Amino acid sequence: MTTEPVTVTSAPQAAAEARPKPKLDPRYIAPLFISTVLILAHLTVGILESPWQTATAIVVSLVAEAILGRLVFGKWPHLASAYVSGISVGILVRSPFYWPFAYCALISILSKYVLRVKGRHLWNPSNFGIAMTLIVAHDYMSTLSVQFGNSVGPMLVIWTLAFFIIWRLKRFHISATYAASFVLFAAVRSLITGESFWFEVNPILGPMYQLFTFFMVTDPKTTVHSKKGQMLVAFLVAAVECVLRLMHNIHAPYYALFIVGPIANLIEIWWMERKKVPPPAPAAVSTA
């Protein structure tokens, strides 16, 4: 008669095997990706005028989020969202001064706590901050634009990473709808203005649009909740942007989202109240 060998597992070993493997907190995905965008873009096309200006925006965002979260909700908030807002401001704002970066970062975070309806903030934080800073301080700042180049290598890396991350977060349909709509309206503008199609479509390949397409438009806490609604809003943002571009507004995407986003949220809030639909669980993190 043969006997099977018996494997003796110690209690600590059994506990270690039973312990679930650590997983990356979804709230860190956006910060990691946007940091990758920053590093690649700066190394290839020198996207930052001064890393210290970007650092200023990040620090102001983190401090403001920590203080406001503690004062308003009585607890220390998770700072991933604030980091994304700060680094977005640091990348997208262009100014020889430091104060526009601090001002833009501060009002971006303030908007999350002040401009709320039924527990929801209506604007993407960094989009609100950039649009308002452009309105009140347009003589002192501008925004990142296509002049920083569309180098094929880093853009392919960024788009590949973005595809994987946004797909994993189940928000790729928003980015895809916006990108397809931008291409469609680029063709429309080409017919109206007489410019070449490639001239009109070229901006979406630049670093500024990487952030706009994958973070601002898809922000979980400031998009409507239905998939069809999200796709419709993305289309409308591209449509309003097309109109603003035809009016020669060089900051068209920011203003388009600034206009369309909160209107869509207010309509959804009104509709849910009218139908007495319970709101879905809040998203884990605001991506910009």
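Leu184 is partly exposed, with a relative accessible area of 47%, where partly exposed covers the range between buried, under 20% relative accessible area, and exposed, over 50% (1.4 Å probe, protein chains only). This is a predicted model, in which local features need pLDDT of at least 70 and side-chain atom pairs count only at pLDDT 80 or more, while totals for chains, interfaces and linings use all residues. Residues are numbered from 1 along each chain as its sequence is written, and side-chain values use heavy atoms, with hydrogens and water left out.

Leu184 lies in helix α8, helices being DSSP runs of H or I with at least four residues and strands being runs of E with at least two, numbered from the N terminus. Together with Val188, Leu191, Ile192, Leu232, Phe235, Leu236 and Leu246, Leu184 forms a nonpolar patch on the surface, and the accessible area of these residues comes to about 720 Å². Such a patch is made of residues with over 30% relative accessible area and no salt bridge, nonpolar side chains (Val, Leu, Ile, Met, Phe, Trp, Tyr) being joined within 5 Å and like charges within 9 Å. Accessible areas come from the Shrake-Rupley method with a 1.4 Å probe, and for residues only the protein chains shown count as cover. Helices α8 (172-193) and α11 (227-246) each supply at least two residues of the patch.

Ser190 also has its place in helix α8, but Ser190 is buried, with a relative accessible area of 14%. Leaving aside residues up to four places away in sequence, Ser190 touches Glu195, Ser196, Phe197 and Glu200, a contact being heavy atoms within 4.5 Å. The C-alpha atoms of Ser190 and Glu200 are separated by 6.5 Å, and the two residues are 10 residues apart along the chain.

In the loop between α7 (152-168) and α8 one finds Arg171. What is the nearest side chain of opposite charge to Arg171? It is Asp219, 7.0 Å away, and Arg171 is buried yet has no salt bridge; a salt bridge requires a side-chain nitrogen of Lys or Arg within 4 Å of a carboxyl oxygen of Asp or Glu. For charge, Lys and Arg count as positive and Asp and Glu as negative, whereas His and the chain ends are not counted. The side chain of Arg171 does make a polar contact with the side chain of Thr223, at 2.5 Å. A polar contact is a pair of N or O atoms within 3.5 Å; within protein, one must be able to donate a hydrogen and the other to accept it, and residues adjacent in sequence count only if both atoms are side-chain atoms. Among the residues that Arg171 touches, beyond those up to four places away in sequence, are Ile166, Pro220 and Gln230.

Helix α10 (residues 207-216) is largely enclosed by the rest of the structure, because 10 of its 10 residues are buried. Its buried residues include Tyr209, Phe212, Phe214 and Phe215.

The charged pairs come next. Side chains of opposite charge can pair when their charged atoms come close. The count comes to 5 salt bridges. In one of them the side chains of Lys118 and Glu273 meet at 3.9 Å, N to O. Lys118 lies in the loop between β2 (116-117) and β3 (120-121) and Glu273 in helix α12, so the pair ties together parts that are 155 residues apart in sequence. Lys118 counts as exposed at 60% relative accessibility, and Glu273 as partly exposed at 39%. The side chains of Glu268 and Arg120 meet in another salt bridge, at 2.9 Å, N to O. Because Glu268 lies in helix α12 and Arg120 in strand β3, this pair ties together parts that are 148 residues apart in sequence. Both Glu268 and Arg120 are buried.

Ile269 lies in helix α12 (residues 252-275) and counts as buried at 9% relative accessibility. Ile269 touches Val117, Lys118, Arg120 and Leu122, not counting residues up to four places away in sequence.

Over the chain, there are 12 helices and 4 strands, and buried residues make up 48% of the 288 residues.
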